[in-house]
Amino acid sequence: MLKITNLEKSYTKGAPVLKGLNLTTDERRLTAIIGSSGAGKSTLLRCINRLVKADSGSIELDGTDILSLSGRALQDSRRQIGMIFQAYNLVDRLTVMENVLSGRLGYTGFFRGVFRKFPQEDVDRAYALLKRVGLSQYVNKRCDALSGGERQRVGCARALMQNPRILLADEPTASLDPKTSERIMELIAGITEELDLPVLINLHNVPQATTYADRILGLRHGVMIFDGNPDELTEDWLEQIYAGHEDDLKKQMKVGAAEYDDE
Amino acid sequence: MSTGNNGTTLTDMARPDHYQWFRFTRLQRMVRSISYILVVALMYWALSTVNIFWPWVWSAPAQIGDMMFRMFPPSLVQLNPILYALVESINIAFLGTLIAIILALPVAYFGAQTVTPNAITLWFARLIIVGTRSVDTLVWALIFVAIFGPGSFAGIMAVAFHSIGFLSKLIAEAIEEIDWGPIEALEAVGASRAHVIAYGIVPQVVPSFCAISILRWDINIRESTVLGLVGAGGIGLIFQGAIDLFQWNTVSMVLIVIVGVVFSGELITSMVRRKLI
C-alpha cells in the first residue's frame with residue numbers, strides 16, 4: 001500500500017510545486033493523474049521513487065518511509081517500484097533483451113550484471129514478458145532500431161521485469177501518435193489487470209484517462225482537488241482542474257476526439 | 001493607388017540628400033588603428049629579442065640544396081636496423097596508448113562534472129588532466145629517461161603520461177554529453193552505481209571512446225618517432241645518430257620510412273575507425 005502524506009517539494013525557493021499533497025492507493029487498480037502542465041504530476045511520481053527528493057512529508061510503501069532511505073535500502077525500495085517514462089529512457093545501443101533484463105539489476109550481483117549472466121528464471125521471465133508485449137521477434141535487436149511504440153513496449157517489459165509492487169507511468173503515451181498511444185494504454189491497462197498491480201499514471205489526454213482509469217485524480221498547482229470515478233469527472237471539474245489553462249484542455253480533448261474518429 | 005512610398009520616390013535620386021556614413025564610430029576607428037600599431041610594435045620587439053643570425057637565414061636555400069644533394073640517394077645499408085627501430089617506435093606508441101587508456105578511464109569518470117562523486121574528486125581529476133597534458137611528450141621522455149634510464153620503457157611511459165590528459169578530458173566530455181534518461185531509468189529499477197555505469201554510461205560512451213582512442217593512437221605513432229632524440233627508444237635514436245655522423249643518406253632513408261609509417265598509420269586508423277563506429 002502506498003500512502004503519501006503532506007508531501008511538499010519546491011525546486012526554487014518560494015515556488016512550491018507540491019503543496020502538502022495527500023494520496024493513498026491500496027486497491028489494485030489504475031489511477032490516472034490529470035492536470036495542466038506544471039501542476040506537479042511528474043514531480044509527484046518522481047518523488048515516489050526518489051528520482052526527485054521531496055522536501056517534507058512522507059511516502060510510505062508497505063509501511064517503509066521511502067523519504068528517509070538511502071544507499072542499499074533505497075535501492076531495495078526502488079526495486080519494488082516500476083516506472084514507465086514518456087521518453088522510454090531505454091539504453092539505445094543495447095539490445096531489447098539487455099534493456100528488459102536491466103529491470104532485474106536491483107536483484108543481480110555486480111559480475112552477473114556486467115557479464116550478462118542473469119539467472120535462468122530472469123531470462124525466462126524476460127522472454128515471457130516480451131511475448132506478452134508482442135516483441136518476441138526483436139529479442140536481439142538494438143533498441144535504436146525500434147519504433148516509438150515498440151520502444152515503449154520494451155519500457156513496459158523492463159518495468160514489469162522488476163516484479164514491482166506498484167507501477168508508475170509518467171505520460172507513457174505523450175510521445176506517440178494517437179493510434180500507437182491507444183495500443184500502449186490498452187497494453188498497460190491489460191497488464192495491470194493480469195498482474196493485479198496498482199498503477200499510478202500521469203496522463204495528458206483526458207479521454208484516455210476516463211476510458212482506461214478506475215480512479216481519477218485532478219492535480220492543480222500542487223494540490224489534489226479532484227479524487228473520484230471517471231463518471232464523476234464532470235465538465236465543471238475539468239474546468240476547475242484546467243482553470244487558466246483552457247487551451248491546454250481544449251487541445252487534449254481534441255486529440256482524444258481525433259483518435260476516436262480514426263478507429 | 002499605393003506605391004508603397006513614404007513621401008519620397010526614386011525620381012528624387014537625381015538630386016539626392018547628403019548623408020555622412022561610416023562603418024565604424026570614431027572611437028572604434030581609433031581603437032582599430034592603435035591595435036594595428038600595437039601588433040607591428042609587438043612583432044618588432046619579438047624579432048629583436050629572438051636573436052636571429054641573418055646571414056645564416058639568407059644562406060638557407062644554398063644549404064637546403066646542398067643537403068638534398070648529400071641525402072640522395074637514400075642509403076639501404078642501414079635498412080635492417082632502421083626497420084627494427086621502426087617496429088620499436090610503433091610498439092612504443094601502441095603500449096603507451098594502451099597504458100594511457102587504462103589510466104585515463106577512472107580519471108575521465110571523476111573528471112566528468114555530471115557523474116563525479118564530489119568537488120574534491122572533480123578537482124583532483126582536473127589537476128591530473130591539466131598536469132599531464134601541459135607537459136609535452138618529449139619533456140616527459142626526458143624525465144623518464146632520467147628515472148628509468150634510456151630505452152623504450154621511458155618512451156612508453158612518456159607517451160602514456162602525455163596521453164592521459166588528452167584521453168581523459170575528451171572521454172569526460174563524452175560522459176557529460178550522454179542522454180540522462182536511461183541513467184534515471186536504471187536508478188529507478190534499483191540498480192547499483194556500478195551497474196548504472198556498466199549499463200547506462202558505458203554503452204553510450206563507447207563510440208566516442210573508440211574514436212578518441214584511435215585518434216590518440218594515431219598521434220602517438222607520430223610522436224614516438226621523435227622520442228629517440230632524447231634517448232627514449234625507437235627510430236629517433238638512429239635518426240639522431242645518423243645526423244651526428246653526417247650520414248645524410250641514412251637520414252633521408254629514416255625520413256622516408258617515418259613518412260611511410262605515418263601515412264600507413266593514418267590509413268589503418270581511419271579503416272579501424274570506420275569499422276568500429
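**Exercise 1: The contact between the chains**

The contact takes 19 residues from chain B and 22 residues from chain A, where two residues are in contact if their C-beta atoms, placed from the backbone, lie within 7 Å. The model is a predicted one, in which local features need pLDDT of at least 70 and side-chain atom pairs count only at pLDDT 80 or more, while totals for chains, interfaces and linings use all residues. Residues are numbered from 1 along each chain as its sequence is written, and chains are lettered from A and ligands numbered from 1 in the order in which they are written.

Task. State which elements give two or more residues to the side of chain B that touches chain A.

Solution. Step 1: these elements are helix H8 (181–188) and helix H9 (193–224) of chain B; helices (H or I, at least four residues) and strands (E, at least two) are DSSP runs, numbered from the N terminus. Step 2: H9(B) gives the most, with eight residues. Step 3: this side of chain B divides into eleven nonpolar, six polar and two charged residues. Here Ala, Val, Leu, Ile, Met, Phe, Trp, Tyr, Cys and Pro count as nonpolar, Asp, Glu, Lys and Arg as charged, and the others, Gly among them, as polar.

**Exercise 2: Helices of chain B**

Task. Describe how H4(B) meets H5(B) and H11(B).

Solution. Step 1: chain B has eleven helices and zero strands. Step 2: two packed helices are described by the angle between their axes and the distance between the axes. Axes are lines fitted to C-alpha atoms, for helices over the stretch in contact, and angles run from 0 to 180 degrees between N-to-C directions.

Step 1: the axes of H4 (residues 79–111) and H5 (residues 119–134) of chain B come within 8 Å and cross at roughly 130 degrees. H4(B) and H5(B) are therefore oblique to each other; angles under 35 degrees count as roughly parallel, over 145 as roughly antiparallel, 65 to 115 as roughly perpendicular and the rest as oblique. Val107(B), Phe110(B) and Gly111(B) of H4(B) meet residues of H5(B) that include Leu122(B) and Ile129(B).

Step 2: the axes of H4(B) and H11(B) (residues 248–276) come within 11 Å and cross at roughly 35 degrees. Leu79(B), Ile82(B), Leu86(B) and Ile90(B) of H4(B) make this contact with Met253(B), Val254(B), Val257(B) and Val261(B) of H11(B). The contact of H4(B) with H11(B) has eight nonpolar, no polar and no charged residues.

**Exercise 3: Strands of chain A**

Task. Why is one side of E6(A) and of E10(A) left without a neighbour in the sheet?

Solution. Step 1: six strands of chain A form an open, mixed sheet in the order E6-E7-E8-E3-E9-E10; two strands pair if DSSP finds at least two bridges between them. Step 2: E6 (81–84) and E10 (223–228) of chain A stand at the edges with a single partner strand each, so one side of each has no neighbour in the sheet. Step 3: within the sheet, E7(A) (residues 166–170) and E8(A) (residues 199–202) run parallel and are joined by four bridges, with Leu168(A) opposite Leu200(A).

Task. Which turn residue of the hairpin of E4(A) and E5(A) has a positive phi?

Solution. Step 1: two bridges join E4(A) to E5(A) (residues 64–65), and these strands run antiparallel. Step 2: Leu61(A) has Thr64(A) as its bridge partner in E5(A). Step 3: two residues lie between the strands of the hairpin, and Asp62(A) in the turn has a positive phi of about 50 degrees.
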